Each structure stands twice: as structure tokens, then as C-alpha cells.
Amino acid sequence: MKPEPAPLGRRPTWTAALLGLLVSFPYWPGGPVWDDHSLIHAHLVSQPLGDLWTLWATPVTSGDFGAAYYRPLPMTLLAVLGRVGIPLVHMLAGLLHAASAALICELGERTRPARWGALVFAAHPIGWEVLGWASALPDALAVMLGLATLWSARRHWWAGVFLAMVLALLSKESALVWLVFGGVAGWFDRRSWMAVGAAVVAVVGMRLGVGVVGTPPLGAVSVGHAVQVLLQQLGAVVWPLPLTAVHDTHHLSTGGMVLGGLALVGGVALALRDGRVGKAALAVVVLSPVLALPTVLSSHLAGDRYLYASAAAVGLWVAHLPPIPLVTQSSLLRVVFVLLGTAGVGVHAWSASAWHTDRALFERAVEVTPESSYAHLFLGHAHALDDRYAEAARAFDQARQLPHAHPETAQLTLQAYVLAGAPEAAVRLGRDGPKDGLTAAWIGWWARAELDAGNAHEAAKLVGMLQRPDGSWDGPGFVPELAREIRVALGE
């Protein structure tokens with residue numbers, strides 16, 4: 001069916017872009033949070049500008065987990081913009097969000113449904129993580145460039161198809177979902193397929209050339225749990241509230257899973273009726289969280305950024321609603337979309353402040369999911385970053401007492417008690433803690449707590465476990481000085 005004429009020219013496209021930009025404004029003042037400290041400040045910004053070419057010759061990190069990720073385009077942008085300040089990264093993410101909303105309107109031929117589709121995407125609360133977290137820039141780039149690939153294909157600009165797909169895949173591997181969309185929707189002709197095929201071959205060649213062949217570690221996987229996580233994420237596409245940065249997969253909502261199941265069944269029913277675009281949108285909605293499952297199941301954290309492409313696909317779906325006058329021109333329906341858009345903008349305006357600091361982010365997470373040990377663990381790290389060690393110790397202590405606590409939580413609690421000047425609490429934890437498989441770090445901090453509590457003999461026994469045959473010391477860097485202090489305390 002032919003799309004409805006667009007008598008307003010480019011005005012709907014500019015309106016969509018302005019809405020996307022408006023939604024992003026409250027996130028711009030935000031500072032570094034979560035992985036921004038280690039990825040951007042410690043890793044990327046610390047590299048000399050003359051060495052940035054190495055970001056195109058190596059994976060994101062050298063460890064097993066990051067070695068599967070080759071994202072040179074966003075890493076280069078983060079390395080450059082991070083030197084100026086994190087707000088500049090948020091501004092770029094906002095511009096990309098605005099461009100994606102405009103592209104959805106353009107791909108819908110600027111009809112009334114196209115404007116609604118752009119509104120759905122631009123104001124959808126699920127985009128808050130991409131807009132508020134600088135390290136999520138790869139997601140913003142991958143979606144915008146994926147949509148640009150579709151836009152180029154619709155206009156038979158094959159060089160644009162190739163360039164956009166190459167840059168999308170160099171931003172994030174999940175950009176492949178847009179190749180699926182274009183194929184299922186029938187938007188790729190023979191030359192477009194040749195262009196995207198050449199792009200995939202080029203990027204795969206680059207990945208192989210720099211040795212990026214691994215995948216994130218997964219370990220033992222329960223298929224049932226994976227399905228539950230997937231349903232939870234599909235439910236979040238429909239209803240993402242309350243917003244939280246810590247979606248602990250150990251604590252899945254029954255309501256969210258039921259909603260996800262209903263959304264999947266309803267989506268299949270609608271896709272079967274709506275033609276190829278509906279099927280293509282459904283494929284991306286489902287495939288985006290599926291591709292993220294290895295990472296999600298390994299980390300036990302289901303980020304909203306993995307659903308950003310799904311929100312864009314929903315926007316494209318709405319943008320291609322058939323132009324039935326009683327539906328697409330209904331005044332009541334227009335009012336509904338305006339109210340939904342206004343509510344979305346309001347949610348973003350209220351939620352953006354959570355991404356301004358680590359403490360605000362994880363205090364919100366603890367408030368939303370108080371049963372999650374991960375939420376308390378991250379809040380403890382946030383307090384420690386601000387040298388609030390007493391608060392960090394309380395958060396870590398709460399985390400270690402909850403189910404599914406991270407293995408390092410007990411040691412972090414011990415360390416925080418020592419730094420907070422509460423050696424007695426640290427001593428109790430050390431003596432009541434594990435007796436087998438003690439790490440050198442645990443023994444070192446325990447010894448320090450014993451000395452601070454006035455138990456020099458106990459501290460000496462512990463430190464003695466850390467001395468190597470050659471006289472050097474194992475454990476934290478302070479152990480040699482601690483050993484000297486113990487000898488002084490014992491009068492040796």
C-alpha cells in the first residue's frame with residue numbers, strides 16, 4: 001500500500017530531530033559513571049593522541065571479555081571527546097539520537113505515522129542509558145548508522161550503503177540487525193546486497209587482521225533462565241519502568257516476563273498482518289536482546305542499551321502503519337501519541353539526573369531493587385570513589401549478605417572497614433570469614449585490621465603467611481611497610 005502523502009515537506013523530519021535533541025538535553029551535564037572511569041579516563045584518555053591509531057589495531061581491552069569487542073570508531077571518539085569532558089560525549093549521543101529519530105521519519109516518508117514512529121523512538125524511556133552513559137556511545141552510533149544504511153538503500157545510494165554499514169559494524173557488532181531488517185523488509189535490491197556484503201567482508205577482514213576472534217565467556221547456561229531473561233527484556237520494550245541501571249538477572253520480575261511473552265505473541269500476530277516491515281521490525285526487536293544474551297548471562301546484568309535498537313525498530317514499525325483514514329487520521333489517536341510523547345519527555349527529564357554521578361545512579365538502583373546484591377555492590381564502589389568509606393562498608397556489607405553476592409564482596413567489605421577506621425568490624429569479618437582458599441589480598445587487609453585494632457601478634461602471624469622464600473612479600477603493596485610497623489609494635 002502506498003504511503004500517505006506528506007504535504008509538510010521536511011518539517012516532520014526537523015520536528016523529529018528537535019524532539020530527539022530535546023529529550024537528550026537533561027543528560028548533557030552528566031559526568032563519568034560506572035565503566036566511564038576505567039574505559040574512558042583510565043584507558044582511552046590516557047593514551048597519547050599520536051597513539052590513537054592503536055584503537056584500530058587492537059580489541060577494546062586485552063582481557064578475555066573485551067577481546068571479543070572491536071569498536072574502533074566509538075573508542076576513537078571517546079578518546080578525543082573524553083579529553084574535553086564527558087558532557088561533550090553526551091552532546092554527541094544526543095545529536096545521534098536526534099539523527100536517528102529524523103531517519104525514522106524519513107524512512108516512513110514523513111507521513112503522519114512516520115511522525116508518530118519518530119516520536120515513539122525519540123521519547124521512549126529505554127533510551128535513557130544510551131543518552132546518560134558515555135560508554136554506551138557505540139549503541140547510539142550503531143543505531144544511527146544502521147538506519148542510515150537503510151535510508152541509503154531506499155534511495156539506491158550504494159556507496160552510502162557500504163560506508164554506513166562499515167561504520168555501523170565498526171561501532172558495534174549488533175549493527176548486523178539492520179542488515180536483517182533491510183532483507184526481511186525487502187528494502188535491499190541486488191546492488192544494496194552487494195554493498196552490505198562487501199561491508200561485512202571488509203569489517204570481518206579487519207577483525208581477523210587484528211586478532212579479534214573470541215567471544216565473551218559464558219560458562220554453564222540454563223536455557224530456561226536465558227528464555228526468562230529474554231522475555232523480561234521484551235517486556236521492558238513495552239514497559240521499561242521503573243528505570244534502573246542495574247537489571248540483575250538473578251531477580252527477574254514475573255510481571256515483566258509475562259508482559260514480554262504477551263508482547264512477543266502480540267508482535268507475531270501483528271507482524272503477520274502488517275506485511276514485510278512489520279516482520280522486519282519484529283525480527284530486530286527480538287534479535288537485539290538475543291545477540292546480547294552471552295554478555296548478559298555472563299555479567300548477570302541486562303542493560304537497557306541492548307534494547308535501544310529494538311526501540312528504533314518499534315518506531316519504524318509505527319512509521320509504516322497503513323494509511324487508513326479512521327486510524328492514521330483519528331484525532332483521538334493523535335492526542336494519545338502526543339500524551340505518550342509528553343510523558344516520555346517527562347520521564348527522561350526526571351530520570352536524567354541519576355546519570356550525573358555514580359552515587360545518584362546506584363542509590364536509584366538500590367531504591368528500585370533493594371534485593372539485588374549487585375545494586376548494593378555498585379553503590380559501595382560509588383561511595384569508595386568519593387572516599388566515603390563508612391558508607392561504602394555498609395553498602396558492601398549489605399551486598400555480601402544478600403543471595404548471589406559477587407565473590408569479591410567480602411574482601412571489599414573488609415577493605416572498606418579498614419579505610420573507614422573501623423578495624424574491630426574488619427577483624428570480626430576476617431576471623432569469621434573463609435578459612436580455605438584465602439587470597440593474599442584478603443590476608444593483607446586482615447593483618448592490617450588486626451594491627452589497627454591493637455592485635456600485633458595476630459597481625460604478625462598473618463603477615464608471615466605472605467613472605468616469600470626470597471624475602472619479598474605477596475599481597476597488597478602496603479604489606480612491606482605493614483610488616484615493619486608490626487615489628488615496631490612488637491618491639492623487635
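1. How much space lies in the second largest pocket? The model is a predicted one, in which local features need pLDDT of at least 70 and side-chain atom pairs count only at pLDDT 80 or more, while totals for chains, interfaces and linings use all residues. Residues are numbered from 1 along each chain as its sequence is written, and side-chain values use heavy atoms, with hydrogens and water left out. The answer is about 950 Å³, where a pocket is an open set of points on a 1 Å grid over the protein atoms alone, with protein on both sides within 12 Å along at least five of seven lines, and a volume is the space filled by probe spheres set on points joined across faces, edges and corners.

2. Of the 33 residues lining this second largest pocket (an atom within 4 Å of a point), the closest to its centre are Val-120, His-124, Val-237, Val-238 and Val-314. Among the helices (DSSP runs of H or I, at least four residues, numbered from the N terminus), H12 gives the most to the lining, with 8 residues. The lining has 26 nonpolar, 5 polar and 2 charged residues, with Ala, Val, Leu, Ile, Met, Phe, Trp, Tyr, Cys and Pro counted as nonpolar, Asp, Glu, Lys and Arg as charged, and the others, Gly among them, as polar.

3. Both H5 (112-123) and H14 (308-319) give two or more residues to that lining, and these two helices pack at an angle of about 165 degrees with their axes 7 Å apart; axes are lines fitted to C-alpha atoms over the stretch in contact, and angles run from 0 to 180 degrees between N-to-C directions. H5 and H14 are therefore roughly antiparallel, the term for angles over 145 degrees. Their contact (heavy atoms within 4.5 Å) includes Val-120 of H5 and Val-314 of H14, and its residues divide into 11 nonpolar, 2 polar and no charged.

4. Helices H4 (residues 86-107) and H7 (residues 137-154) pack at about 25 degrees, with their axes 9 Å apart. That makes H4 roughly parallel to H7, the class for angles under 35 degrees. The residues of this contact divide into 17 nonpolar, 1 polar and 2 charged.

5. The structure holds 1 cavity of 30 Å³ or more, a cavity being a set of points where a 1.4 Å probe fits but cannot get out. The largest cavity, of about 30 Å³, is lined by Leu-55, Thr-58, Pro-59, Val-60, Arg-71, Pro-72 and Met-75.

Terms used: Parallel < 35°, antiparallel > 145°, perpendicular 65-115°, else oblique.
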